[in-house]
Amino acid sequence: MILDSKAMRHLTAEDWRVLAAVETGSKNHELVPTPIIERLSRLRGGVSGVHKSISALAKTGLIAKMKEAKYDGYRLTYGGLDYLALHQYASQNFVYSVGSRIGVGKESDIMIVADNKGTQKVLKIHRLGRISFRTVKANRDYLRRKNHNNGGGGSGWMYLSRLAAMKEYAFMQALREEGFPVPEPIAQSRHTIVMSLIDAFPLRQISHVGDPATLYGELMEMIMRLARHGLIHGDFNEFNILLKEETVTNNETTPPTETVKVIPILIDFPQMVSMEHQNAEMYFDRDVNCVKRFFERRFHFVGTQPGPFFKDAKKAMGQRGAKRLDALVEASGFTKKMLKDLEAAIRAQQAEAPEGGGSADEEAYEDEEDDDNDEEEQEADEGELEEEEPAATGSNAPDMARLSIGD
Ligand code: ADP
Ligand code: MG
């Protein structure tokens with residue numbers, strides 16, 4: 001589903017109250033009975049006002065009836081949840097307008113938004129459950145069972161998407177505090193987060209770098225630095241590393257010389273795991289090997305040193321004064337069960353749809369395996385770019401749909 005904020009300005013203050021009531025009601029009901037919606041909305045105009053709002057919300061697709069329901073009631077849709085989050089951001093002045101979608105991940109939508117000063121930011125909307133689980137039977141069965149559980153509003157998938165956003169935000173904050181190159185976390189609501197916009201392309205779209213050895217070394221050091229804090233990214237690949245270019249001026253020379261330095265920025269944290277996780281070694285090695293394989297294929301670069309190895313990473317934990325961050329999510333109120341549910345959902349999604357999204361991209365990705373011709377590779381990549389909506393950064397401000405709040 002795509003976020004379409006246009007209908008927002010037609011919603012009245014009463015509509016928002018009723019929408020919030022459906023959200024509150026869904027903590028205890030899969031389908032919120034209409035009398036409960038009436039009670040929770042507490043509109044001054046009484047039930048007729050509630051019914052008017054219900055039909056407006058249903059028409060816009062923010063709430064929905066369920067087929068074959070045994071009683072009269074409504075459930076919140078992902079659209080409704082999107083609107084509630086946006087409404088909160090708008091009333092807190094984090095977001096004033098919504099622009100175009102710059103990324104469609106396997107489990108998220110990435111939108112450009114702006115505040116009332118015109119500063120662009122990124123809204124990440126988590127959408128677990130978007131793809132269906134066909135191949136991984138164990139995951140599918142596990143999640144199907146879990147999906148009856150409805151903790152905290154909306155369907156089981158919405159609940160898991162909220163957890164993903166909360167976890168991602170907590171890690172982005174902690175990593176940022178420790179000085180890691182990650183976007184600035186700005187706000188979090190429900191299944192979404194707002195962060196700073198990084199004006200950069202993912203490594204995936206870069207065909208040449210000046211000095212692959214230095215970049216490779218920096219990425220491996222980043223993996224080790226995370227390990228010192230007790231963490232493994234868990235999806236450390238060319239889609240989740242953005243390469244920012246920074247011009248460095250050297251005034252020591254006459255005339256002053258300018259060199260361009262690339263700085264890797266790490267994103268995408270809902271799947272982070274502790275170095276103490278039972279499969280930590282597998283996740284650590286997978287992150288390391290992802291970088292190795294990509295550098296070999298794309299830049300024909302092979303590191304001279306083996307590793308880094310998990311056993312060394314394990315020894316490095318807590319060294320150089322690194323604060324352990326792996327207990328963070330539990331400390332912020334996540335139970336073991338919440339983490340387990342989230343992990344199962346993310347793993348299942350990763351197994352079903354490797355990062356890169358749609359089939360065109362996946363094909364290009366496959367092609368790369370046996371394709372040594374750089375030009376062709378580049379063409380494939382450019383094709384991909386054209387298929388996606390253009391990245392809307394910098395001065396190419398997209399048409400912004402202004403939000404409007406009814407209260
Ligand atoms: P997913 O979990 O779906 O993989 P990501 O967080 O990796 O979502 O984001 C998907 C894509 O959106 C990234 O590969 C990147 O191109 C873009 N993106 C995400 N966050 C930002 C950001 N803060 N600034 C710029 N681009 C971003
Ligand atoms: Mg990603």
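1. Is Glu-276 buried, partly exposed or exposed? Its relative accessibility in this predicted model is 48%, so Glu-276 counts as partly exposed.

2. Glu-276 forms a salt bridge with Arg-324, and the closest N and O atoms are 3.0 Å apart. The two partners sit in distant parts of the chain, 48 residues apart. Glu-276 lies in the loop between strand E13 (273-274) and helix H8 (280-299), while Arg-324 lies in the loop between helix H9 (310-316) and helix H10 (328-331). Arg-324 is also partly exposed, with a relative accessible area of 38%.

3. A second salt bridge pairs Arg-127 with Asp-109, with 2.8 Å between the closest N and O atoms. This pair too links distant parts of the chain, the residues being 18 apart: Asp-109 is in strand E5 (residues 108-114), and Arg-127 is in the loop between strand E6 (120-126) and helix H5 (137-146). Both ends are buried: the relative accessible area is 2% for Arg-127 and 0% for Asp-109.

4. The side chains of Asp-341 and Lys-337 meet in a salt bridge at 3.1 Å, N to O. Both residues belong to helix H11 (residues 336-352); they are 4 residues apart, so about one helical turn separates them. Asp-341 is buried at 2% relative accessibility, whereas Lys-337 is partly exposed at 41%. Elsewhere, salt bridges with shared partners join Asp-82, Arg-101, Asp-109 and Arg-127 into one network. The count of salt bridges comes to 18.

5. Helix H2 (residues 34-41) has a buried side and an exposed one. Its buried residues are Thr-34, Ile-36, Ile-37 and Ser-41. These cover an arc of only 155° around the axis, which means they are on the same side of H2. Pro-35 and Arg-39, on the other side, are exposed.

6. The length of H3 can be checked against its residue count. Its 14 residues, at 1.5 Å a residue, should span 20 Å, and the end C-alpha atoms are 20 Å apart, so the two values agree.

7. Which residues of H3 are buried? They are Val-50, Ser-53, Ile-54 and Leu-57. An arc of only 105° around the axis holds them, and therefore they share the same side of H3. The face turned away from that buried side carries Ser-48, Lys-52 and Lys-59, which are exposed.

8. The buried residues of H3 pack against H1, H2, strand E2 (63-64) and E3. Gly-61 follows H3, and its phi is positive, near 80°.

Technical notes: Residues are numbered from 1 along each chain as its sequence is written. Chains are lettered from A and ligands numbered from 1 in the order in which they are written. This is a predicted model: local features need pLDDT of at least 70, side-chain atom pairs count only at pLDDT 80 or more; totals for chains, interfaces and linings use all residues. Side-chain values use heavy atoms; hydrogens and water are left out. Buried means under 20% relative accessible area, exposed over 50%, partly exposed in between (1.4 Å probe, protein chains only). Helices (H or I, at least four residues) and strands (E, at least two) are DSSP runs, numbered from the N terminus. The arc is that of the directions from the helix axis to the C-beta atoms. A salt bridge is a side-chain nitrogen of Lys or Arg within 4 Å of a carboxyl oxygen of Asp or Glu. The expected span of a helix is 1.5 Å times one less than its number of residues. Contact means heavy atoms within 4.5 Å.
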